[in-house]
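Subject: Structure handover

Hello,

Here is the structure I promised to pass on. Please open it first, then read my notes below.

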Amino acid sequence: MANAARKLDLIDVAPFSPADAAAMEARYAGVGTRDMLGDLLTGELKGRVAAVSSFGAESAVLLHLIAQIDRDIPVIFLNTQKIFGETLQYRDALSETLGFTDLRVFRPDPRLLAAKDATGLRWNYDPDGCCDLRKVEPLRRALAPFDAWLSGRKGFQAGTRDALPRFEEDEGRLKLNPLADWDKPALDAYFAEHQLPRHPLEAEGYASIGCAPCTSKVLPGEDPRAGRWRGWEKVECGIHVPEKPGEEPVF
């Protein structure tokens, strides 16, 4: 009788688990953002972490905090090829001002675009699919070398971000939301204190700035992200929304 095939031992190689994220959340409860970042970026996450930035309306705050600690941390920018020209100019100017040495620009895979969005109009009838092609897939490539990444999300930005933790597990990586508990007055005060340049479109009424076709001005009293994907039941691009097994991606 042939011997049964030996069951292979499986090793979990993901660097961070949900339990690790919860432990980090508890460890840094009550610790200020500057001190938390200083401890992690010069300690256990040094060489293992990247910052992901849209260079949007409030991005300068987190980028400035990071630059005060380590200007060599890689900064990832996703050029969806639908970005406002003003954002590209702001990205270059702000990166230069803050002194970052490793700005990494990732674009959509041209083969995937040719197969799934040859006209460049997918945003108009399938914004979820467009975000998948132009944001989610490029970010996965960009984050491949890293165990952790920094996000600029804030809890006040939308109902989907209520009670946002500072630490999350995301596809086996540690995702940090250092500004999770910052409100708009705190952000504005930081801009003023450090004389940080504003995104040029903010003064025109764009409170949250993404791709040009899917970004509109925010009216008084609206949610800060109301101008994103206006008219669609969509408030996130997909980078921060996990896929559910058996269902189409929600981006």
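**Two loops and a segment end**

Glutamate 171 sits in the loop between β5 and β6. Keep in mind that this is a predicted model. The backbone at glutamate 171 stands out on phi: the angle is positive, about 55°, although the residue is not a glycine. Is glutamate 171 buried, exposed or partly exposed? Its relative accessible area is 48%, so glutamate 171 is partly exposed; the cut-off for exposed is over 50%.

Glutamine 195 also has a positive phi without being a glycine, here about 50°. Look for glutamine 195 in the segment after α8, the helix of residues 184-194. With 72% relative accessibility, glutamine 195 counts as exposed.

Valine 31 belongs to the loop between α1 and α2. Its relative accessibility is 29%, so valine 31 is partly exposed. Which residues does valine 31 contact, once neighbours within four places in sequence are set aside? They are Met36 and Arg166.

**The fold in outline**

The protein has 251 residues, and 47% of them count as buried. Its secondary structure consists of eight helices and six strands. Read from the N terminus, the order is α-α-β-α-β-α-β-α-α-α-β-β-β-α. Take the contacts between residues at least 6 apart in sequence: 70% of these join residues at least 24 apart.

**Helix α2**

Helix α2 covers residues 33-41. Its buried residues are Thr33, Met36, Leu37, Gly38, Leu40 and Leu41. As background, an α-helix has 3.6 residues a turn, so residues three or four places apart point the same way. Met36, one of the buried residues of α2, is also a contact of valine 31.

What do the buried residues of α2 pack against? The helices are α1 (18-27) and α3 (59-67). The strands are β1 (49-52), β4 (148-150), β5 (167-170) and β6 (173-176). Recall that the loop between β5 and β6 holds glutamate 171.

**α2 against α3**

Two packed helices are described by the angle between their axes and the distance between the axes. For α2 and α3, the axes come within 10 Å and cross at roughly 50°. That angle makes α2 oblique to α3. The crossing of α2 past α3 is right-handed.

Thr33, Leu37 and Leu41 are among the buried residues of α2.

**Aromatic rings**

How many aromatic pairs does the structure hold? There are four. One of them joins tryptophan 182 and tyrosine 190. A pair of aromatic rings is described by the distance of the centres and the angle of the planes. In this pair the centres are 5.8 Å apart and the planes are at 65°. The pair is therefore edge-to-face, since planes over 60 degrees apart count as such.

Are the two partners buried or exposed? Tryptophan 182 has 14% relative accessibility, so it counts as buried. Tyrosine 190 has a relative accessible area of 4% and is buried as well.

One more ring deserves a look. Arginine 198 lies over the face of phenylalanine 191, at 3.8 Å from the ring centre.

Best wishes

Definitions and conventions
Residues numbered from 1 in each chain as written. Predicted model: local features only at pLDDT ≥ 70, side-chain atom pairs only at ≥ 80, totals over all residues. Heavy atoms only, no water. Phe/Tyr/Trp six-rings, centres within 6.5 Å; stacked < 30°, edge-to-face > 60°. Buried < 20%, exposed > 50% of the residue type's maximum accessible area, 1.4 Å probe, protein only. Lys NZ or Arg CZ within 6 Å of the ring centre and 35° of its normal. Helix = DSSP H or I, 4+ residues; strand = E, 2+ residues; numbered from the N terminus. Contact = heavy atoms within 4.5 Å. Axes fitted to C-alpha atoms, helices over the stretch in contact; angles between N-to-C directions. Parallel < 35°, antiparallel > 145°, perpendicular 65-115°, else oblique. Left-handed = near helix turned anticlockwise from the far one by under 90°.
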